Every structure is written in C-alpha cells, then in structure tokens.
Amino acid sequence: MAKDSQFSGGKSHLEMGSLEGRAVLQLEDENLVDSKHNDRRTSSMDATPQISVFDTNTDDVSCKCTWNCILRQMHIVLFSKKLNLLIPCGPLAMLVDTLTDHHGWIFFLSLLGIIPLAERLGWATEQLAFYTGPTVGGLLNATFGNATELIISMYALRRGMIRVVQQSLLGSILSNTLLVLGCAFFAGGIAHSTKDQLFDKGNAVMNSGLLLMAVMGLLFPAVLHFTHTELHFGKSELALSRFSSCVMLVAYGAYLFYQLTSQNSFYMPLAEEEGENDEGLEEEEAPEISKWGSIIWLSILTLWIAVLSEYLVNAIEGASVSMSIPVAFISVILLPIVGNAAEHAGAVMFAVKDKLDISLGVAIGSSTQIAMFGIPFCVVIGWIMGRPMDLNFQLFETATLFMSVLVVAFMLQDGTSNYFKGLMLLLCYLIVAASFFVHIDPEAIQDKPKKT
C-alpha cells in the first residue's frame, strides 16, 4: 500500500508537473497569438491613411533640419571670428562709391572689407581639403592660397594698370618673406626664449632656391632694358619675359608635383607626430562644415572678393591723391598686407606652438607661389589680353627683391630661428616700407587707365 500510495503520489506530482508545463506552453501560445494579433492590428493601422499625417511631420522635421544646418553653417562662416565684424565695410564702400566721390574712404573701406573675406577664403579651402585628401588638398591650397592677390591683379591688369600689378605681386613676396616670417620668428622666439627653434632645413633651402630662380627671371629683362642691349628694341624684353614666364610655370608645376608625390605637404609629418602625443588632435582637425557647404562658400567668398577688388582697384589712384600717399607704397605695402592677413596670423600662431615647419610652409611657400606662379601667370594672361605685361619690374623694385631674398636665404641656411632673427627681418621690412614711401615710380604716369 505504501508503495502504491508512493507511486500514486509520484504520479500525481508528475501529472501536476505536466499540467504546469502544459499551462506554461498554453500561456506562451496565447502570448504568441496575441502578439500576432497585435502585429496584424498595427499593420492594418499602418495601411490606414494616418501614415500621410506621419509623412507630413517627417517632411517638416527634415525641412527644419535643413534650415538648422544652413543657419549653423552661416553662423560658423560669418560669426565665428571677431575679424568678421569688418565684413559690413564692403557694402559700406559700395554705398560711399554710389553717393560720393571720396576715393580715400572707398579705398579704405574696401581694404577693410577684403581682410575677413581673405581669411574666410583660406578657411573654406582648408575645410574642403578635409574631404579631398592630402594630394588634392595641397592643390587646392596652392590654387586658393593667394587668390585675393591674383583677383586684385586681374582687375588691375584689365584696366591697364600694369605697374600696380607688378608692385602688388612684388609686395606680396616682400610681405611674406620679411614681415610674416619675421613676426613668426619673433613671436616664436619670445614664446620659447630658452632655446632655438628648429625647422626642416631641406624644405627651406628648396624654397629659397626657387625664390632665387624667380629673381633671376625678373633680373634679366630689367638688365636687358637698362643696358639698352636688346636685339629688337621694345620687343626682345617682352619676348624674353613671356618665354621666362612659361619656363617658371613649368618649374613650379614640377615642384608642386614633387612636393605632393614625395612629401605630401609640410603639414603631414608634423600632424602624424602630434597625433601620437596628443589625443585631442583629431577633434581639432575635424571639418566644421560639409563638403558641398565648403564648395558653395568658396564660390561665394571668391565672388565677393572679386566684386570688392574692382572697387579697390578703381579707387587706388584717387586715394593716392587724397591721402598724399604714393601709388607705389599702396601697391607694395598696403595691398599685400590685406591679402596676407590670414597667413600672417596663422604663421605666428604655429610659431608660438613651436611648429615652425608649418609657419615656413605658410610664409615662404606663399612667397614661392607668387614668385613662380602668380607673376608668370599674370604675364601669360596679359599676353592673352593684349597687355604688355612683362618681367621688367624696374631697377629699384628688382634690387629690393634681390636683397630681400638674399637676407632670407641666409637666415634659413642653418635650420634654426630665434627672436633676434625675427627682429632683423622686421627691421628690414621697415626699411623697405620707408624706401617705397619716398620712391617716385617713373612708369606710373604711363600706366594710367585709359577711358573706354
């Protein structure tokens, strides 16, 4: 009996267990049925016309996101820098030109209006370079790095102001080699006064060699002119200038190809080295706007600079008379300082951070670009326009450039810098500025724009 009762108890336990398992399975089946039923209900609800209301809300949200993105990019481009407070000076210059004939104010306001636009143009080029890679990014920087000076030169060349073109391009080289590099060396030397700062001697010597080649291209037409040894008077000098310009463009193209294929850029080695030591570098180098946003803003800024450049060039001679300042001083000193404002600030900032290779890439690299690309390019464009633009920059300007390049070449030959070298370069620039302030250009009268 005990065994029977024990057996029956075990059987009852088994039956209870089987009942509990059956109940659990039944509950799970019911849940599955309910979930399928709910899925059918939701799918039937999705099939109802309520989805149109949901899509409308989605479109509204996407429109709001687009507008927010546009507003955010406008805020970054136009309001992120204190320098952008000068942007209204451009429209103000147009207003003054419409209402009055005060060329001094038109020139001054146009000058101030171009400064922030030149800085933003360089920034937009850097943003686009994030999406294109180092090779195309280097080409973009080479193309747009001195876009402001080239735009101003194109307008002056179109109006027949050949001396303004020559002197502004010459001033850009002098400004970069003496003023920008001098400020970078001086600021870096003060910030790191306990040691000499080091930079890549090989790159510096290569750029110095290219600058000397550019000086040679400018020197021979001037010597040919002043020694009166032309084979065909009035024609040989121009023919030599055009031939030399083509050779210089080929040399600069070869240099650019060499730099992009063998070294990528001045920035790459330092960026990699800093990336190993600084974890936050990637955040600093992240692009702030989209690829198409960079392209659009690059186009807008280039167009805006072109418009202001026309007002600036038209007011140069009137401003020279009203402010009693020689045209040579305006062309060689004032115009290049405006075009190089962004590069000036960037070179000093990198020197203070002990990144002199980048400072040299900005200052000397920009000078090389103007000397080997900007000047020959203007000669070729003048050839196409029928303007007698040549490489004869006159004896005074050529001698100034020759001495400045020699001074810089000697400063860079040992691969070190300190605040005293920077001070010497700045004092040399002061001498150059004072010389052009008292210099009377004998060719300026012949280059007055002709009325059409």
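**Figure 1. Contacts across the chain of a predicted model.** Among contacts between residues at least 6 apart in sequence, 84% join residues at least 24 apart. The model shown here is predicted. Its chain has 452 residues, and buried residues make up 44% of them. The secondary structure comes to 17 helices and two strands.

Figure 2. Leucine 178 lies in helix α6. Its relative accessible area is 1%, so leucine 178 is buried; the cut-off for buried is under 20%. Which residues touch leucine 178, leaving aside its neighbours within four places in sequence? They are Ser404, Val408, Leu425, Leu426, Cys428, Tyr429 and Val432. Take cysteine 428 from that list. Leucine 178 and cysteine 428 are 250 residues apart in sequence. In space, their C-alpha atoms are 7.0 Å apart.

**Figure 3. Helices α5 and α6 pack together.** Two packed helices are described by the angle between their axes and the distance between the axes. Helix α5 covers residues 147–158. It packs with α6 at an angle of about 165 degrees, and the axes are 8 Å apart. That angle makes α5 roughly antiparallel to α6, because angles over 145 degrees count as roughly antiparallel. The crossing of α5 and α6 is left-handed. From α5, the contact is made by Glu149, Ser153, Ala156 and Leu157. From α6, it is made by Ile162, Val164, Val165, Ser168, Leu169 and Ser172. Sorted by class, the contact of α5 with α6 has six nonpolar, three polar and one charged residues.

**Figure 4. Helices α13 and α17 cross.** Helix α13 covers residues 327–339. The axes of α13 and α17 come within 7 Å and cross at roughly 140 degrees. Are the two helices oblique or roughly antiparallel to each other? They are oblique, because roughly antiparallel needs an angle over 145 degrees. The crossing of α13 and α17 is left-handed. Helix α13 makes the contact with Ala328, Phe329, Val332, Ile333 and Ile337. Helix α17 makes it with Tyr429, Ala433, Phe436 and Phe437. By class, the contact of α13 with α17 has nine nonpolar residues, no polar ones and no charged ones.

**Figure 5. Arginine 163 pairs with aspartate 441.** Side chains of opposite charge can pair when their charged atoms come close. The structure holds six salt bridges. One of them joins arginine 163 to aspartate 441, with the closest N and O atoms 2.9 Å apart. Arginine 163 lies in helix α6 (residues 162–191). Aspartate 441 lies in the segment after α17 (419–437). The pair therefore ties together parts that are 278 residues apart in sequence. Both arginine 163 and aspartate 441 are buried.

**Figure 6. Lysine 195 pairs with aspartate 354.** The closest N and O atoms of this salt bridge are 3.0 Å apart. Lysine 195 lies in the loop between α6 and β1 (197–198). Aspartate 354 lies in the loop between α14 (341–352) and α15 (356–385). So the pair ties together parts that are 159 residues apart in sequence. Lysine 195 is partly exposed, with a relative accessible area of 42%. Aspartate 354 also counts as partly exposed, at 29% relative accessibility. A separate network is built from salt bridges that share partners: it joins Arg163, Glu397 and Asp441.

**Figure 7. Glutamate 119 pairs with arginine 120.** The closest N and O atoms of this salt bridge are 2.8 Å apart. Are the two residues buried or exposed? Glutamate 119 is buried, with a relative accessible area of 16%. Arginine 120 is buried too, at 1%.

**Figure 8. Serine 324 and glutamine 394 have positive phi values.** Most residues other than glycine have a negative phi. Phi of serine 324 is near 55 degrees. Serine 324 lies in the loop between α12 (316–322) and α13. At 61% relative accessibility, serine 324 counts as exposed. Phi of glutamine 394 is near 75 degrees. Glutamine 394 lies in the loop between α15 and α16 (395–412). Glutamine 394 is buried, with a relative accessible area of 9%.

How values were computed. Residues are numbered from 1 along each chain as its sequence is written. This is a predicted model: local features need pLDDT of at least 70, side-chain atom pairs count only at pLDDT 80 or more; totals for chains, interfaces and linings use all residues. Side-chain values use heavy atoms; hydrogens and water are left out. A salt bridge is a side-chain nitrogen of Lys or Arg within 4 Å of a carboxyl oxygen of Asp or Glu. Buried means under 20% relative accessible area, exposed over 50%, partly exposed in between (1.4 Å probe, protein chains only). Helices (H or I, at least four residues) and strands (E, at least two) are DSSP runs, numbered from the N terminus. Axes are lines fitted to C-alpha atoms, for helices over the stretch in contact, and angles run from 0 to 180 degrees between N-to-C directions. Angles under 35 degrees count as roughly parallel, over 145 as roughly antiparallel, 65 to 115 as roughly perpendicular and the rest as oblique. A crossing is left-handed if the near helix is turned anticlockwise from the far one by less than a right angle, and right-handed if clockwise. Contact means heavy atoms within 4.5 Å. Ala, Val, Leu, Ile, Met, Phe, Trp, Tyr, Cys and Pro count as nonpolar, Asp, Glu, Lys and Arg as charged, and the others, Gly among them, as polar.
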